[in-house]
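Biologist: Could you pick one part of this fold and take me through it slowly? I'd like to know what sits around it, and please spell out your cut-offs as you go.

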Amino acid sequence: MMLGAARESREALAAVIAGDESGLQRLADLLAPYLQVPVAVSEDRWMNSREAAEYAGTSLRALHKAMAAREVHFEQDCRGGKAWFKRADIDAWRRGERAASRLRSTA
């Protein structure tokens with residue numbers, strides 16, 4: 001089975017190189033099971049620290065340091081409680097925009 005998949009991937013890659021777009025689709029189909037399914041980019045749901053660090057492509061420790069330095073906006077239900085992040089705030093932090101203490105509209 002593995003030899004068949006290897007041959008099929010080589011054929012798909014050769015088709016892509018030759019300019020055949022169907023080869024690209026075959027290659028994508030072969031790789032899909034190995035790739036993590038991303039969260040929809042437009043979805044700005046609340047993320048916990050682990051999810052936010054993963055989304056930002058950084059370590060949890062680096063995110064905690066940014067939180068302590070108030071470089072990234074986050075919210076907590078209570079002091080010392082679990083931190084929650086919005087995608088837009090993580091994106092702003094990654095762009096180097098310093099988080100301002102701000103109130104979120106509840107609308």
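Modeller: Helices here are DSSP runs of H or I with at least four residues, strands are runs of E with at least two, and both are numbered from the N terminus. Before we go on, this is a predicted model, where local features need pLDDT of at least 70 and side-chain atom pairs count only at pLDDT 80 or more, while totals for chains, interfaces and linings use all residues. Residues are numbered from 1 along each chain as its sequence is written, and side-chain values use heavy atoms, with hydrogens and water left out.

First, the overall layout. The chain has five helices and three strands, and from the N terminus on they run α-α-β-α-α-β-β-α. Of its 107 residues, 22% count as buried, meaning under 20% relative accessible area; exposed means over 50% and partly exposed is in between (1.4 Å probe, protein chains only).

Now to the part I picked, α3, which spans residues 49-56. At its start, a side-chain oxygen of Asn48 reaches to within 3.1 Å of the backbone nitrogen of Arg50. That's a polar contact, a pair of N or O atoms within 3.5 Å; within protein, one must be able to donate a hydrogen and the other to accept it, and residues adjacent in sequence count only if both atoms are side-chain atoms. Just after α3, Gly57 takes a positive phi of about 75 degrees.

Which residues of α3 are buried? They are Ser49, Ala52, Ala53 and Ala56. They sit on the same side of α3, because they cover an arc of only 100 degrees around the axis. (The arc is that of the directions from the helix axis to the C-beta atoms.) An α-helix has 3.6 residues a turn, so residues three or four places apart point the same way.

And what covers that side? The cover includes β1 (46-48), α4 (60-68), β3 (83-86) and α5 (87-94). I call it a contact when heavy atoms come within 4.5 Å.

Take Ser49 as the close-up. Ser49 counts as buried because its relative accessible area is 13%. Leaving out residues up to four places away in sequence, Ser49 touches Leu60, Leu63, His64, Ala83 and Phe85.

Next, the sheet. Its three strands make an open sheet in the order β1-β3-β2, with antiparallel pairing. β1 and β2 (75-76) are at the edges with a single partner strand each, so one side of each has no neighbour in the sheet. α3 packs on this sheet, touching β1 and β3, and its direction makes about 100 degrees with that of β1. Axes are lines fitted to C-alpha atoms, for helices over the stretch in contact, and angles run from 0 to 180 degrees between N-to-C directions. β1 and β3 pair over three bridges, and β2 and β3 over two; two strands pair if DSSP finds at least two bridges between them.

α3 and α4 pack at an angle of about 105 degrees, their axes 9 Å apart. That makes α3 roughly perpendicular to α4. On α3 the contact is made by Ser49, Arg50, Ala52 and Ala53, and on α4 by Leu60, Leu63 and His64. For those angle words, under 35 degrees counts as roughly parallel, over 145 as roughly antiparallel, 65 to 115 as roughly perpendicular and the rest as oblique.

From the α4 side, Leu63, Ala66 and Met67 are buried. Their arc around the axis is only 105 degrees, which puts them on the same side of α4. These buried residues pack against α3, β3 and α5. The face turned away from them carries the exposed residues Arg61, Lys65 and Ala68. Arg61 counts as exposed because its relative accessibility is 65%. Arg61 and Ser49 are twelve residues apart in sequence and 9.8 Å apart in space, C-alpha to C-alpha.

Finally, back to α5, where Arg87, Asp89, Ile90, Ala92 and Trp93 are buried. Their cover includes β1, α3, α4 and β3.
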